[in-house]
Amino acid sequence: MTPLSSPRTGFRVAGLLEATPETVSEHRVALAELRPGVNAHEDAFVKLGADGTPEWVISRGCAHAGGRLELEPDRRSAVCPLHGWCLDLDGLRYTNGLGTKQPVPFEVEGGELRYRLERHRLERPDALRTPVSEPIEVRFLAHACVAIECGGFRLVTDPWLIGPCFTTGWWHLHPPKNDALELLAGANAVFLSHNHPDHTHLETLAHVSPDVEILVPDFESRSAEVSARALGLSPHALAFNTVFSHPDAPFSIAVLLAGSGRDDSGLLIFAGDRKILLAADSRALNHFVLPHDVDVVFDSFAGGASGYPLCFENYDLEERRVISRRHADAVRHHVERVVETTRPRAFVPYAGYFRVARAEDSLIGDHNVSNSVEEIAETVAAVAPETRFIDPRHDDRIRIAADRSITVDRVDAPALYTVGPDYVAPYVRALEEEAAGFHADELVGYFEHSEFQDDLILYVLPTDQSFVPQGEGVRVDFSGPKPVVELRAPDALQAEYQSAEPGPLRRLEIRARREPLAHVVREQLAWEELSIGFQCRVHRKPDLYNAHFWFHFTNRYIGSLRDRPEREGR
């Protein structure tokens, strides 16, 4: 099936989004109540010099998942209880995460410190507003895949429609209906929010016409571009907070960056006065600088999708369940914040409909804690009772008329397939056949060419399906100018790791199933294929998130050199 109209002219810059400040809250505290150093005051940290003079004020919100930073006893660092992100309060930089904190303005009057925590509203300039009379049809296809159609132009987002992802770790909980691939094949443009395979899926993207424009976020790492090029696509990278229009489309689009420091993004769609926001997996999207009165918001809701904590063996099983529940609660609170900020007419939970399907992954299936659609419906009703909650499992087609009225219905069509043993087995067998002949010596060259440097020693052990080491593994010292890789027996690797005392170098042990590990290394894929796909077990000393390792091996050291576009002249 050919696209509905030719997209060859492509999306072009129309203008920039604008952020209008809004005062959320004003705070004041007597300086006499504070002491030199860092003080926690309501939703902020305040630092006083030795003479009692205020030096800075920062918000206590964590940049990762919106948690609340808690001051450590030494008052020189603050830690988020959700995932352990640690903020160095001397340099205002996350020590085991990515990014920095920026001070907010303050003033001192009459011995009182006053500061404001502001929120901004995202707006499209009036010059970019054009009337659109055609209705918008929004079709939920599966997981994070949505088709938006208006005036004969169809945009499809994050297509994962068939097969597994994360090296057979994830399977569809609710497979798409039998017309989903046809809708994808007839798209004029496809947007890929980031490079995780449940959003950029090789087998599904093979059904996209070569003429279709592939849109990706312009991440600094170029991870989305590299992943798309590795799949044989020619992506068009879109700058953030910029409005793009297409001569054949009655709507315009803008890409927003996640505020978590991760390569995640969301998509904002404008059609006249109507607005649709698809947040994908983003946390703190655009630092919560978002439009108000959005017609429909799609946001992820489930949690339990990171591999943490169930694949991390620093905790016993009960501790993992507690952490998992806490993370699911944080996702629910994040949904509250998104709804409070965008004030949508309708809310749709998506990007959380997956499950494990292999018997070897029963621990994940039995103990992974996630939010249900019903829990999210209650959350949305509590914070915004006027917002209409749409369950896409039942009502998968939404129409937004020119007057902004919303109607929904259910497409009457059977599922494209059923996820069962007969569906799963061929994919598992293909992965096993692909890994034939894999040996740990392939890891030596892989890591030697990684160009990664950090105060970290990594231990990688290939394993069987039960995570019992099988054959040699590698020890990788990233602390020097070049990685030093040694091939060692598994007993020697584990003995060194287990006996290692605290020191200047952090240590990370990853036991990964041989077949997925071979696939990731040989195809130079993101290492989060292993962690998010529940295909490894992790232990770390100290128990802190090694953000730079995961970012580099998920967003930078991926694809081949031929897939890396030059930034200049693009």
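Residues carry numbers from 1 along each chain as its sequence is written, and side-chain values use heavy atoms, with hydrogens and water left out. In this predicted model, local features need pLDDT of at least 70 and side-chain atom pairs count only at pLDDT 80 or more, while totals for chains, interfaces and linings use all residues.

Q: What is the mean pLDDT of the protein chain?
A: The pLDDT is the predictor's confidence in each residue, on a scale from 0 to 100. In this chain 95% of the residues reach 70 or more, and the mean pLDDT is 92.

Q: Over which residues is the pLDDT below 50?
A: Where pLDDT is low, the predicted coordinates should not be read in detail. One such stretch has 27 contacts beyond near neighbours in sequence and another has 18, a contact being heavy atoms within 4.5 Å. The stretches with pLDDT below 50 are residues 1-8 and residues 564-570.

Q: Which strands are the edge strands of the open sheet of eight strands?
A: Strands (E, at least two residues) and helices (H or I, at least four) are DSSP runs numbered from the N terminus, and two strands pair if DSSP finds at least two bridges between them. The sheet has the order 18-17-16-14-13-12-27-28, with mixed pairing. Each edge strand pairs on one side only, and the two are strand 18 (235-238) and strand 28 (406-409).

Q: Which residue of strand 28 stands opposite Ile398?
A: Strand 27, residues 397-400, pairs with strand 28 in the antiparallel sense over four bridges. The residue in strand 28 that stands opposite Ile398 is Val408.

Q: Within what arc do the buried residues of helix 6 fall?
A: Buried means under 20% relative accessible area, exposed over 50%, and partly exposed in between, with a 1.4 Å probe and protein chains only. In helix 6 (residues 373-383), Val373, Ile376, Thr379 and Val380 are buried. Seen down the helix axis, and judged by the directions from that axis to the C-beta atoms, these buried residues line one face of helix 6, because they fall within an arc of 115°.

Q: Which residues are exposed on the other side of helix 6?
A: The buried residues of helix 6 are covered by elements including helix 4 (317-342), strand 24 (346-350) and strand 26 (388-389). On the other side of helix 6, the exposed residues are Glu378 and Ala382.

Q: Is Ser193 buried or exposed?
A: Ser193 lies in the loop between strand 16 (189-191) and helix 2 (202-205). Leaving aside neighbours within four places in sequence, Ser193 is in contact with residues including Asp158, His199 and Asp264. Because its relative accessibility is 1%, Ser193 counts as buried.

Q: What is the relative accessible area of Glu55?
A: Glu55 lies in strand 5, residues 54-59, and, leaving aside its neighbours within four places in sequence, is in contact with Lys47, Leu48, Gly49 and Phe106. Glu55 is partly exposed, with a relative accessible area of 44%.

Q: At roughly what angle do the axes of helix 7 and helix 10 cross?
A: Axes are lines fitted to C-alpha atoms, for helices over the stretch in contact, and angles run from 0 to 180 degrees between N-to-C directions. Leu431, Glu432 and Glu434 in helix 7 meet Glu515, Pro516, His519, Arg522 and Glu523 in helix 10. The axes of helix 7 (residues 421-434) and helix 10 (residues 514-523) come within 8 Å and cross at roughly 65°.
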